[in-house]
Amino acid sequence: MEHNWLLYIAAFAVAFGITLYVTPWCKKISAAIGAIDYPKKRGMHSEPIPRMGGIAIVAGFVVTLLIMTLFVYELHGMEFLGFILGGVIIVITGIFDDIYNIRARTKLVLQFAAAAVVIFSGTRIEFVFWPFVTDISAISVPITFLWIIGVTNAVNLIDGLDGLAAGVASICALALTVLCIISGSPLAVVLSATLAGTCLGFLPRNFSPAEIFMGDTGALFLGYVLAVTSIIGVFKFYAMLSLVIVFLALALPIFDTLFAMTRRAINRKPIMGADREHLHHRLIDAGFSTTKVVVMLYALSIVTGAFAIAIAIADLRVLMVVVVLAAALIMMILVYRRRFRPKIKGEAELPAEMAGEAVED
């Protein structure tokens, strides 16, 4: 199909500009409503920092989409309506959590509600490759629930260093934009391009040293948009390789979350609890600076996103190469666990700026 490239570029640019302009105002809003991240023993910063930057992310995204409704017919359908209503629930959840620190169980219930709205508006995962084309329409509802809630929380979990979540989400969104252009889904292209512009518009004031955090309002919203967009634009069009492509496009947040859940289950700790064992924490403990860790993880996301695009273009010819590289990556992780085992044991011995997990995590 023919694509309106000017429209896609406009969505990206408008989202970038609005978010860049609104972000400084969110610092005042955070102060007014008391959404401030104060330094604490488990934190990664030494000064109070506003944590309602997610409002700028949501504002840039929503205003851009309102403008795009004038040009994109698909933005008037049931799928889009379900996406918007689910997003409203996610944003409300994030705002209340940033202000009142609501319980993890409450957040999970609200995420289920958001996912339910999306699913019953017609957005579902019905085909996957595992390891061959499989029609999972009979169990599409629980699978879609798991995917939306999982990816939503995955982005929130990597939000532990200045600029990490915003940068990784922008890379994932750009990869999805290319994949959706290839698949021919205008709705998904507009959503992913808008998200990429929003993330990059927020990044200048969120990169180290951060002036403002996105909080759960931003992190949950980014994960939610990535999850739903991947269903609309990838799972529906890449039946043969959908699971491989999406996992690679969103590799860092997904695998970091899977490792975290597995680790906590083995250690008999709450799955939804916090710890200081994420990849970015281990790299910090290994002696890398915050900026170097963030850039390294950006690079990793770019590589996995590029592989996702390569598979979509070259199909099965690239799949075997990816399998080999995945095996090599696993070997590197095993070596990394031995070589970069944290040298300092216990939180009490850690410097104040490194002790514990970032509040944004």
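# Close-up views of a predicted model

**View 1. The largest nonpolar core of the predicted model.** This core has 81 residues, and Phe83, Trp147, Leu226 and Leu250 touch the most other members. Helix α8 (residues 215–235) supplies the largest share of this core, 13 residues. In general, nonpolar side chains of soluble globular proteins tend to be buried together.

**View 2. Contacts of Phe83, one of the core residues with the most contacts to other members.** Residues up to four places away in sequence are not counted here. Phe83 then touches Phe61, Leu65 and Val118, as well as Leu191. Its list also includes Tyr224, Val225 and Val228.

**View 3. A nonpolar surface patch of about 470 Å².** The patch is made by Ile84, Val88, Ile92, Phe96 and Tyr100. Of these residues, Phe96 belongs to helix α3 (residues 78–100). Phe96 counts as partly exposed because its relative accessible area of 44% falls between the limits of 20% and 50%.

**View 4. Asn101 and its backbone angle.** Asn101 is not a glycine, yet its phi is positive, at about 55°. The residue sits in the loop between α3 and α4 (104–119). With a relative accessible area of 53%, Asn101 is exposed.

**View 5. The cis peptide bond from Ser208 to Pro209.** Omega for this bond is near -5°. Pro209 is part of the loop between α7 (186–206) and α8.

**View 6. A network of salt bridges linking Lys27, Arg205 and Glu211.** Between Glu211 and Lys27, the closest N and O atoms are 3.4 Å apart. This pair links distant parts of the chain, with Glu211 in the loop between α7 and α8 and Lys27 in helix α1 (residues 5–33), 184 residues apart. Arg205 also forms a salt bridge with Glu211, at 2.7 Å from N to O. Glu211 is partly exposed at a relative accessible area of 32%; Lys27 is partly exposed at 29%, and Arg205 is partly exposed at 29%. In general, side chains of opposite charge can pair when their charged atoms come close.

**View 7. The salt bridge between Lys107 and Asp97.** The N to O distance for this pair is 3.3 Å. Lys107 in helix α4 and Asp97 in helix α3 are ten residues apart, and the pair links distant parts of the chain. Both Lys107 and Asp97 are buried, that is, under 20% relative accessible area. A search of the whole structure finds four salt bridges, among them the pair shown here.

Note on methods: Residues are numbered from 1 along each chain as its sequence is written. This is a predicted model: local features need pLDDT of at least 70, side-chain atom pairs count only at pLDDT 80 or more; totals for chains, interfaces and linings use all residues. Side-chain values use heavy atoms; hydrogens and water are left out. A nonpolar core is a set of buried Ala, Val, Leu, Ile, Met, Phe, Trp, Tyr and Cys residues joined through side-chain atoms within 4.5 Å. Buried means under 20% relative accessible area, exposed over 50%, partly exposed in between (1.4 Å probe, protein chains only). Helices (H or I, at least four residues) and strands (E, at least two) are DSSP runs, numbered from the N terminus. Contact means heavy atoms within 4.5 Å. Patches are made of residues with over 30% relative accessible area and no salt bridge: like charges are joined within 9 Å, nonpolar side chains (Val, Leu, Ile, Met, Phe, Trp, Tyr) within 5 Å. Accessible areas come from the Shrake-Rupley method with a 1.4 Å probe; for residues, only the protein chains shown count as cover. A salt bridge is a side-chain nitrogen of Lys or Arg within 4 Å of a carboxyl oxygen of Asp or Glu.
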